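Here are some exercises to work through with the structure open beside you. Try each task on your own, then follow the solution step by step.

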Amino acid sequence: MSVKRLLCVSNEGNAGVHAACGELRGWDVCTVDSFQAARKVLAQQHYAVGLLLDGNGTLEHDDTERFLQQHHHIRWIGVFGSELLHRPQLRQAIATHLCDFHTRPVDMVRLHHSLGHAHGMAMLTKGTPPHKRQAGARHIDGQSVAIRRLRAHIDKIAAVDAPVLISGESGSGKELAAQEIHAQSPRAGGPFIAINCAAIPPSLIHSELFGYERGAFTGAVKEKQGLIEAASGGSIFLDEIGDLPLDLQASLLRFLQERTIYRVGGTRTIAVDARVITATHVDLPKAVAAGRFREDLYYRLSVFPIRVPPLRERKDDLPLLTDLIFDKYSDEKSPQLKGISKQAIRAMAQHDWPGNIRELINRMRRAMVLAENRLIMPEDLELAPQEDAIILRDGLDNSRGSAERTAIWNSLAKCGNNISQAARELGVSRMTLYRLMAKHSIAP
Ligand SMILES: Nc1ncnc2c1ncn2[C@@H]1O[C@H](COP(=O)(O)OP(=O)(O)OP(=O)(O)O)[C@@H](O)[C@H]1O
């Protein structure tokens, strides 16, 4: 029989759990006294059932809501002081996130019953193919309308074995969406192979994708399987598909039509059963109109088009995402750092995030290492404090300086600190950019 494990988040510690719920026989209980501690435990271990215990109303509402949203896969049971149930926010959180709740004094028989019921329901859904996750697969986090819609879309198309074309800006999560489609699909047990078509030199991409036979070219001393063949039984993810050379577009089209490939230098056809998922950050219909992308291939690939929204269209997710990043990289942070300031959250909400989630991760990681206070401030994230505040406080000259500094920070972040690229984007020479960076004390 499998051990029934229970994560108990209690602001009254172990003794409080014992006083309220008795022995909880038959459960292997891990008790933590804060959401931060719970996040650490959950980063290491999976729990199907959780108990949330708040006898005195000290669980701050925003944090409770955020934590429950973030861990919505767990079946939560609540135990609260009956007087707390008058609070509309708590009632709302219970209705939205909990499977069941109890008031004190707890009826032990009913508590055991609801915990057992939650566990039983969790076991029923565990291991059914649509929800089975590939080891190491990650989640698309977020609760904004845009992300919920994306997840619902993914759930539907994952079950259908047809090509998917994912569009979206750089760093918005296209590869993550592809992984999620694979992980939710009946192919989840097979390989997921990702390849960036823009990163492989055109001279190598044919043999990388399709493999080669012995003697196909000088140096081909042994036959080699290509990536499409290696994805058989699973999915192949072709990122930056717009950069695939035209001759290879023809080979890919043949594969999509006939489900067979030829290796380079080969004459025999090889049957391959792989689902093709592609992504692009360029406008493929425009590339088709310009003659850079085959129209017939475009229609084959875009049976199910998906758009991953840029971060600026789902800013509601910023608090949740920053919390997740804070937890994920907390081992790297400076010891005195405890969290993110309200000013930083406001500055993030104002920023447009041209580099999307990747930019958010980079800014947060840098800030977590370099911040010198207890809370991350806008300047640690290399973001300007709210513009209105600057103008009112600092007058025009300083506001100009501040805007200049922000533009430089933003460009450098977007271009991965590549000075030449950032200078081009800002419309100044490299020398001018170096001078401005020195003026604003921005390290290269
Ligand atoms: N919703 C999300 N929740 C958590 N992490 C995310 C989310 N979306 C993206 N990420 C993270 O952001 C980073 C960039 O995502 P990803 O590589 O999927 O973007 P992309 O659109 O494929 O980028 P590119 O176009 O540059 O290839 C990754 O570290 C990914 O794990």
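**Exercise 1: Contacts and burial**

Task: Of the contacts in the protein with a separation of 6 or more, what percentage is accounted for by residues 24 or more positions apart?

Solution: Start with the term: two residues are in contact if their C-beta atoms, placed from the backbone, lie within 7 Å. Residues 24 or more positions apart make up 72% of the contacts with a separation of 6 or more.

Before going on, note that this is a predicted model, where local features need pLDDT of at least 70, side-chain atom pairs count only at pLDDT 80 or more, and totals for chains, interfaces and linings use all residues. Residues are numbered from 1 along each chain as its sequence is written.

Next, burial: a residue is buried if 20 or more other C-beta atoms lie within 10 Å of its own, exposed if 12 or fewer, and partly exposed in between. In this protein of 444 residues, 32% are buried.

**Exercise 2: Strand β1 and its partners**

Task: Find which strands pair with β1.

Solution: Now locate β1, residues 4–10, where five of the seven residues are buried.

Two strands pair if DSSP finds at least two bridges between them. β1 runs parallel to β2 (residues 27–32), with six bridges joining them. Within this pair, Leu 7 has Cys 30 as its bridge partner. To get from β1 to β2, the chain passes through helix α1 (residues 13–21) in a right-handed β-α-β crossover; that is, with the strands pointing away from the viewer, the path from the first strand over the helix to the second runs clockwise.

β3 (residues 49–54) also pairs with β1, in the parallel sense, over five bridges.

**Exercise 3: Around the ligand**

Task: Which residues come nearest to the ligand?

Solution: A residue counts as near if its C-beta atom, placed from the backbone, lies within 6 Å. Of the 17 residues around the ligand, Asp 141, Gly 173, Lys 174, Glu 175 and Ile 357 come nearest. Then look at the elements: α7 (174–184) and α15 (356–370) each give two or more residues to this shell.

How values were computed: Helix = DSSP H or I, 4+ residues; strand = E, 2+ residues; numbered from the N terminus.
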